Amino acid sequence: MRKPLALSASRAADYRQCPLLYRLRTIDRVPEPKTRAQVLGTVVHSVLETLYGLDQSDRAPERAVGLVPEAVEQFYAVDGGAEVVPLSGRADFEAEVSALVSALYGVEDPRRFSPASCEQYLVTATASGTPLHGYLDRVDVAPAGEVRVVDYKTGKPPNPRFQDQAMFQMRFYALMYQRIHGVLPAQLKLIYLKNGSWLTLSPDLASLVETETQLDVLWSEIERAGESGIFPPRTSRLCDWCNHQALCPAFGGTPPEYPGWPGSRVIPLVSDTPDTGPDLRSTP
């Protein structure tokens, strides 16, 4: 039995990019080959989660690099790594993971603080009932209570004109955190390990209200498309990297028979859950 759907930051980006892409990934669940970039990110995130699980004094740069071989071994032994990165390229892959992990020390020193959580899974809903879920790479809480939400990226930072798209994901996370904990994050930080750069944003309630409205509108569009089965393709330069051109009418393909809308996940609203945050729309 198929589970009802909720909205994640990545699936929101899919629908905004191309409704058909959203359908194929989320409803049809058409398999996609893993890419080297994807598994690189997965392994790096695993190493950093393990690193922050160590005592602060034990998080020296050489200790961080020392965690890499075990994570890469796990990737090959359990996750079928050779299907994505041939064994002949394992040494180069491990070296790239080590370089990305080491790059974190050019941005911040993990020995100077301990996160409140790593890889935290959140499930909540907007005031209008749009179901939201996703993982936060890291949440830091300062002694005075200020919250910072951090996300790691192993690719290159976006062109400045596309930075808002990157920060939309962070505002999505900030909204989820605020809905659950009743605390507005003081800072959102995107760390690009590829070149040791970062982007930061200090959200305010107005920006989260706008984000919440955008997500409600987007989810309404998705639900209407889900009920009708109409998910039109939207072509762009990103089509060059799409795995589904053979199923896309824009490229002469035919989508699979529509399996039907699995429904929307029902998540208790803020007013039904005492330990969650206030309704942003009623906040002065």
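D28 is buried, and R23 is buried as well. In this predicted model, the side chains of these two residues, D28 and R23, meet in a salt bridge with an N to O distance of 2.5 Å. The points below place this pair beside other salt bridges and then turn to the nonpolar cores.

**Salt bridges**

- Across the whole structure, a search finds 16 salt bridges, and the pair of D28 and R23 is one of the contacts of this kind.
- Another salt bridge joins the side chains of E96 and R36, where the N to O distance is 2.5 Å.

**A network of charged residues**

- D140 and R148 form a salt bridge in which the closest N and O atoms lie 2.9 Å apart.
- The two partners fall into separate accessibility classes, as D140 counts as buried at 6% relative accessibility, whereas R148 counts as partly exposed at 22%.
- Both residues belong to a network of salt bridges that links E108, R138, D140, R148 and K189.
- As a general point, side chains of opposite charge can pair when their charged atoms come close.

**Nonpolar cores**

- The largest nonpolar core has 36 residues, and those with the most contacts inside it are L7, Y22, L136, F172, Y173 and I222.
- At least two residues of this core come from each of the helices α1 (9–17), α2 (19–27), α7 (163–181) and α8 (205–228), and also from each of the strands β2 (131–141), β3 (147–153) and β4 (187–192).
- Among these contributors, α7 gives the most to the core, with eleven residues.
- L136, one of the residues with the most contacts inside the core, touches C118, E119, Q120, L122, V149, Y173, M176 and Y177, when residues up to four places away in sequence are not counted.
- Apart from this core lies another one, of 30 residues, which includes Y52, V101, Y105 and I191.
- In soluble globular proteins, nonpolar side chains tend to be buried together.

Technical notes: Residues numbered from 1 in each chain as written. Predicted model: local features only at pLDDT ≥ 70, side-chain atom pairs only at ≥ 80, totals over all residues. Heavy atoms only, no water. Salt bridge = Lys/Arg side-chain N within 4 Å of Asp/Glu carboxyl O. Buried < 20%, exposed > 50% of the residue type's maximum accessible area, 1.4 Å probe, protein only. Core = buried A, V, L, I, M, F, W, Y, C linked by side-chain atoms within 4.5 Å. Helix = DSSP H or I, 4+ residues; strand = E, 2+ residues; numbered from the N terminus. Contact = heavy atoms within 4.5 Å.
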